[in-house]
Amino acid sequence: MTRSVTVVALAILLQGCVSVATEFPSADVDQVQVFYATDRKPQKTDSPGVYFGSKRGKKIHYGIASVNVWPVDYEEENADGEIREIVSQPIDTGFSRADPLAGKTFFRRLRDPELAGKSGYVMLFVHGFKRNFQAAAENAALVSTSIGFDGATVFWSWPSLDSAAGYLT
């Protein structure tokens with residue numbers, strides 16, 4: 001009993017030392033297109049587009065993935081209850097679909113200013129350990145949108161196994 005009272009008292013005391021962030025999802029949504037290249041094996045699915053699993057395929061697949069990106073607004077409140085800052089960041093994503101392209105079409109569209117941005121720059125995003133294809137697409141779109149990148153975003157998705165144990169066998 002004393003331990004739980006101590007924990008509650010400590011939580012109440014520490015509350016005055018931190019700021020509280022409150023999320024307000026925005027109704028606005030942007031659909032971001034990111035180019036992909038992967039050596040993952042395609043999976044059959046009922047969803048539109050093509051999706052890839054965690055196994056290595058026999059060839060490199062190219063295409064464009066569409067990702068929904070929502071801005072989320074934050075209000076930061078200090079210990080006195082005063083709102084200090086309102087920030088809008090594109091931090092919520094949802095994978096929409098992946099559409100395959102032939103290699104030549106992929107590279108031609110990569111140079112198209114309508115799709116790739118007017119700057120002519122290309123950002124290559126390579127996902128980390130334990131990421132599936134959809135998460136890699138979402139991460140690439142999020143990084144690109146968050147930094148305001150005006151160019152083509154390409155992500156390479158390698159067949160990570162979605163778990164550390166998978167690499168031990």
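This report walks through a predicted protein model, from its overall layout to a few residues and a pocket.

**Ground rules.** The model is predicted, so to speak, with conditions attached: local features need pLDDT of at least 70, side-chain atom pairs count only at pLDDT 80 or more, and totals for chains, interfaces and linings use all residues. Numbering starts from 1 along each chain as its sequence is written, and side-chain values use heavy atoms, with hydrogens and water left out.

**The whole protein.** Let us start with the layout. The protein has 4 helices and 6 strands; helices (H or I, at least four residues) and strands (E, at least two) are DSSP runs, numbered from the N terminus. Read from the N terminus on, the elements follow the order α-β-β-β-β-α-α-β-α-β. Of the 169 residues, 30% count as buried, where buried means under 20% relative accessible area, exposed over 50%, and partly exposed in between (1.4 Å probe, protein chains only). Among contacts (heavy atoms within 4.5 Å) with a separation of 6 or more, 71% join residues 24 or more positions apart.

**Confidence.** The average pLDDT, the predictor's confidence in each residue from 0 to 100, is 75, and 64% of the residues score at least 70. Over residues 3–26 pLDDT stays under 50, and the model has 22 contacts beyond four places in sequence for them. Where pLDDT is low, the predicted coordinates should not be read in detail.

| Side chain | Partner side chain | Distance |
|---|---|---|
| H127 | S157 | 3.3 Å |
| R97 | D99 | 2.8 Å |
| T93 | E138 | 3.1 Å |

T93 sits in strand β4 and is buried, with a relative accessible area of 19%. Beyond its neighbours within four places in sequence, T93 is in contact with V67, N68, V69, W70, E138 and L142. R97 also belongs to β4, which covers residues 83–101, and is partly exposed at 30%.

**The loop between β5 and α4.** H127 lies in this loop and is buried, with a relative accessible area of 4%. Not counting residues up to four places away in sequence, H127 touches R40, A136, W156, S157, W158 and S160. K130 is in the loop as well, between β5 (121–126) and α4 (133–146), but is partly exposed at 45%. Its phi is near 65 degrees, a positive value in a residue other than glycine. Most residues other than glycine have a negative phi.

**The largest pocket.** On a 1 Å grid over the protein atoms alone, a pocket is an open set of points where a 1.4 Å probe fits, with protein on both sides within 12 Å along at least five of seven lines; lining residues have an atom within 4 Å of a point. The largest pocket holds about 280 Å³ of space. Its lining has 17 residues, with Q31, V32, Q33, S144 and F149 nearest the centre. β2 gives the largest share, 6 residues.

Definitions and conventions: Grid points are joined across faces, edges and corners, and a volume is the space filled by probe spheres set on the points. A polar contact is a pair of N or O atoms within 3.5 Å; within protein, one must be able to donate a hydrogen and the other to accept it, and residues adjacent in sequence count only if both atoms are side-chain atoms.
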